[in-house]
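Let's walk through a protein model together, one piece at a time. Keep the sequence and the 3D view side by side as you read.

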Amino acid sequence: KKEESEKEVPTPVSEEVKKEPEKKDIKTEKLKSTEEYKKILEDTLNEEDKITSIKVDSEKEAIIITMSLKNSTPLTDVDIAKTVYSQISDKLLDYNEIKSIKVIFENIGELELSTNYKKVNEYNLPYFPALLIDEKFKVY
């Protein structure tokens, strides 16, 4: 039998922690500026790939990106474009304010998908399925 003084007493949570305000998810706000989206995507692209323009359509809650790709791989330009779309959309799907993502690849093709098509993987990260990207990509 344990004595009264030996019983485990839970450590009280400090009042400061209890009163800490809820942190708002910064990724669920209104549409950002084109410069903010450009900065978000910078680390997603290869150095040779260039975003020519970004347009934010606040009425449709859409982002439209025009870009040029430099392909230095044995893959086709279309395959590279599909891969880049996947990378860009993976990054942008974190932002709930976007309802549609369109990327125009100069001289290659384009793809626009509604975020209604997004799935969530085992790590709870949103993505567009590769088969959907493959199926919906419009080649020029």
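**A guided walk through the model**

Thr83 is partly exposed, with a relative accessible area of 40%; here buried means under 20% relative accessible area, exposed means over 50%, and partly exposed lies in between, using a 1.4 Å probe and protein chains only. Along the sequence Thr83 and Asp134 are 51 residues apart, while in space their C-alpha atoms are 9.6 Å apart.

Before going further, please note that this is a predicted model, in which local features need pLDDT of at least 70, side-chain atom pairs count only at pLDDT 80 or more, and totals for chains, interfaces and linings use all residues. Residues are numbered from 1 along each chain as its sequence is written, and side-chain values use heavy atoms, leaving out hydrogens and water.

Now for the whole chain. The protein chain contains four helices and seven strands; helices (H or I, at least four residues) and strands (E, at least two) are DSSP runs, numbered from the N terminus. In sequence order, the pattern reads α-α-β-β-α-β-β-β-β-α-β. The chain has 140 residues, and 34% of them count as buried. Its accessible surface is about 10200 Å², with 48% belonging to carbon and sulfur atoms; such areas come from the Shrake-Rupley method with a 1.4 Å probe, and for residues only the protein chains shown count as cover. Contact means heavy atoms within 4.5 Å. Among contacts between residues at least 6 apart in sequence, 51% join residues at least 24 apart.

How confident is the predictor? Confidence in each residue is given by pLDDT, from 0 to 100. The chain has a mean pLDDT of 83, and 79% of its residues reach 70 or more. Among the elements, S7 has the highest mean pLDDT (98), and helix H1 (residues 15–19) has the lowest (45). Over residues 14–26 the pLDDT is below 50, and this stretch has three contacts in the model beyond near neighbours in sequence.

What span should its 16 residues have at 1.5 Å a residue? The expected span of a helix is 1.5 Å times one less than its number of residues. For H3 this gives 22 Å, and the end C-alpha atoms are 22 Å apart, which agrees. The buried residues of H3 include Val78, Ile80, Val84, Tyr85, Ile88 and Leu92. Together, the buried residues of H3 pack against helix H2 (34–42), strand S2 (62–68), S3, strand S4 (109–114), H4 and S7.

That packing brings us to the nonpolar core, a set of buried Ala, Val, Leu, Ile, Met, Phe, Trp, Tyr and Cys residues joined through side-chain atoms within 4.5 Å. The largest one has 31 residues, and those with the most contacts inside it are Ile65, Tyr85, Ile88, Leu92, Ile101 and Phe105. At least two residues each come from H2, strand S1 (50–57), S2, H3, S3, S4 and H4. H3 supplies the largest share, seven residues. Not counting residues up to four places away in sequence, Ile65 touches residues including Leu41, Ile51, Ile88, Leu92 and Val103.

Next, look for aromatic rings. How many aromatic pairs does a search of the whole structure find? The search finds two. The rings of Tyr85 and Phe128 have centres 6.2 Å apart and planes at 25 degrees, so the pair is stacked. For Phe, Tyr and Trp (its six-membered ring), rings pair if their centres lie within 6.5 Å; planes under 30 degrees apart count as stacked, over 60 as edge-to-face and the rest as tilted. Tyr85 lies in helix H3 (residues 77–92) and Phe128 in the loop between strand S6 (126–127) and helix H4 (130–136), so the pair ties together parts that are 43 residues apart in sequence. Tyr85 is buried, at 0% relative accessible area, and Phe128 is buried at 2%.

Phe105 and Phe137 form a tilted pair, 6.1 Å centre to centre with 35 degrees between the planes. Phe105 sits in strand S3 (residues 100–105) and Phe137 in the loop between H4 and strand S7 (138–139), 32 residues apart. Both Phe105 and Phe137 are buried.

Finally, visit a loop. Lys70 is found between S2 and H3 and counts as exposed, at 53% relative accessibility. Lys70 touches Glu48 and Asp49, not counting residues up to four places away in sequence.

How values were computed
pLDDT = per-residue confidence, 0-100.
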